[in-house]
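Reader: I am new to this structure and would like to learn how to read its aromatic rings. Could you walk me through them?

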Amino acid sequence: MVETYDIVVAGGGHNGLVAASYLAKAGLTVCVVEKNDKVGGGVMTRELTIPGFKHDVCSVAHTLLQANPLLRNDELKLLSTFGLNYLNPDKMTSIFYDDGSTLEFYTDLEKTAQSIAKFSAKDADAYRRFNEHVFGTLDLMVTGMFNTPPSYGHQTMLMDSSPEGRELLRTMSISSWDLIGEWFENDKVKIALARYASEAMINPFDNGTGFGFYIILPFMHRYGVGVPAGGSGAFADALRACLESHGGVVRTSCPIKQIKLDGRKATGVILESGEEILATRAVVTNLHAKQIFPHMVPGVALPDGFEARIRGLKPSSFQPFNMHVALKEPPKYKVGPAVDDFFWVERSHSNAEEFEKAFRDLERGYPRRDFVAYVTQDSVDKGGRAPEGKRVLNMYAFCPYDLKDGGPQRWDEIGNEVAQGFLNDLKALTTNMDEDNILGFSFMTPLDIERHNNAMIGADILHFGSYSWQIGGNRPVAGWGQYRSPVDQLFLCGASTHPGGGVTAASGRNVARLLMEEFGIDFDKVVAA
């Protein structure tokens, strides 16, 4: 018999699971169809080195999720019933420079300002003022994140009606580096702040990136880091348990070939095996927009210019190279023990020109080893990720996907050499990273990441860059930024939609609410039940 549901969700990333869970809680029959052997997408934890050591495949913290009403109000009972728990360390990031100086970022704003004061008292005061400035609009921006965005034209008109809105429009148009330079003066401080901005995977020296810096640190100070106890995959596990408790079905190891169509209407999915899974009311996809259009909807006449705009989406500036290490004991850095127990440790540039050149090299396809973070989640999540007395380390680096010499496929040749280079750098920066301490090591090149999750085309973990013209009501493209698509009954969520990539669960919640409105279901009553 052909399986038939009210809703079929294509792709088991966290936004797809969130949408499915809300819709199942509303009493609809829902099936999530996923290519991999487990759900989660970029929110996944696996034993990648040796048994007993849990490593996060992609995301390591769920900072933006902490503001979502999903968690704030425990709307799906993930916290109270399904075992999800978040940890918020005060010691967020420690950055050290070649001269031995260190700059620390804490959840506590004042502690961070005091650390900045080691480099510039003026910049410390500017940091306080900058955060207070952003706090004045942060609630409004958070509300916008967790609601369907207006069209870009309407949003611009609304923002243009107030001085604060006009300033935010300007901020979105300029580069993060220029915005930082308007507030701060010390190069080391500016480089550290721009490094935070670059976590959006776009070059902070490019115009259209200012918003990335504007929001990230004030957001962390307000809501915390959000480290999931037990690993990033704990979020996906809790969502799956929630979905199944409401009668939802999950099908793993089921790659989708295309959307099943009846004329211009989506009626289900067709698997690569030929099996069809039918949807009577809607198909929701959190795949990459470029996967879907036009390849997965053959024969559908798309609106004029739509396909060209999808093809023209500008990717992120660089991609991740992930390494996972099983350890007897955590790293001890030569710069001093003060940095050892921070969640996130980085070695930083000191020279602004070299800092900018490093980003340009990545964009041109030249791999470098100077953008790497050492993330010790179990400095926070003690006992949750490794056998007793042991530790795990995640090394997260920026690299190009499309190598200047040999293209993406060259990663299969040089991946091990590059990974060993990163590991040797860590050994040189620490006193205890010898072979006796390192129990296991694995790595994922940008090409490996794309193979693991084919929605991350070109290893773009955010699907495409969060530039000012590719956010809000313009995501994925203008005219189609409200979770609908040109195909009837085919709805979009995930990183290709507002508010973009990262672990927010926003688009999953937003599309579920949109569908409930379509079906005459009261969303507020569902979440209150």
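Reader: Is Tyr214 buried or exposed?

Author: Burial is judged by relative accessible area: under 20% is buried, over 50% exposed, and in between partly exposed, using a 1.4 Å probe and protein chains only. Tyr214 has 5% relative accessibility, so it counts as buried. Phe211, at 25%, is partly exposed. A word on the source: this is a predicted model, where local features need pLDDT of at least 70, side-chain atom pairs count only at pLDDT 80 or more, and totals for chains, interfaces and linings use all residues. Residues are numbered from 1 along each chain as its sequence is written, and side-chain values use heavy atoms, with hydrogens and water left out.

Reader: How many aromatic pairs are there in the whole structure?

Author: Rings of Phe, Tyr and Trp (its six-membered ring) pair if their centres lie within 6.5 Å; planes under 30 degrees apart are stacked, over 60 edge-to-face, and the rest tilted. A search of the whole structure finds 34 such pairs. In one of them, Phe205 and Phe359 are tilted, with 6.3 Å from centre to centre and 55 degrees between the planes. Phe205 sits in the loop between α8 (187-197) and α9 (210-223), while Phe359 belongs to helix α13 (residues 352-363), 154 residues apart. Helices here are DSSP runs (H or I, at least four residues), numbered from the N terminus.

Reader: Are Phe205 and Phe359 buried or exposed?

Author: Phe205 is buried at 13% relative accessibility, and Phe359 is buried at 0%.

Reader: Which residues do ring pairs link into a cluster?

Author: Among them are Phe205, Phe359, Trp177 and Tyr396.

Notes
Helix = DSSP H or I, 4+ residues; strand = E, 2+ residues; numbered from the N terminus.
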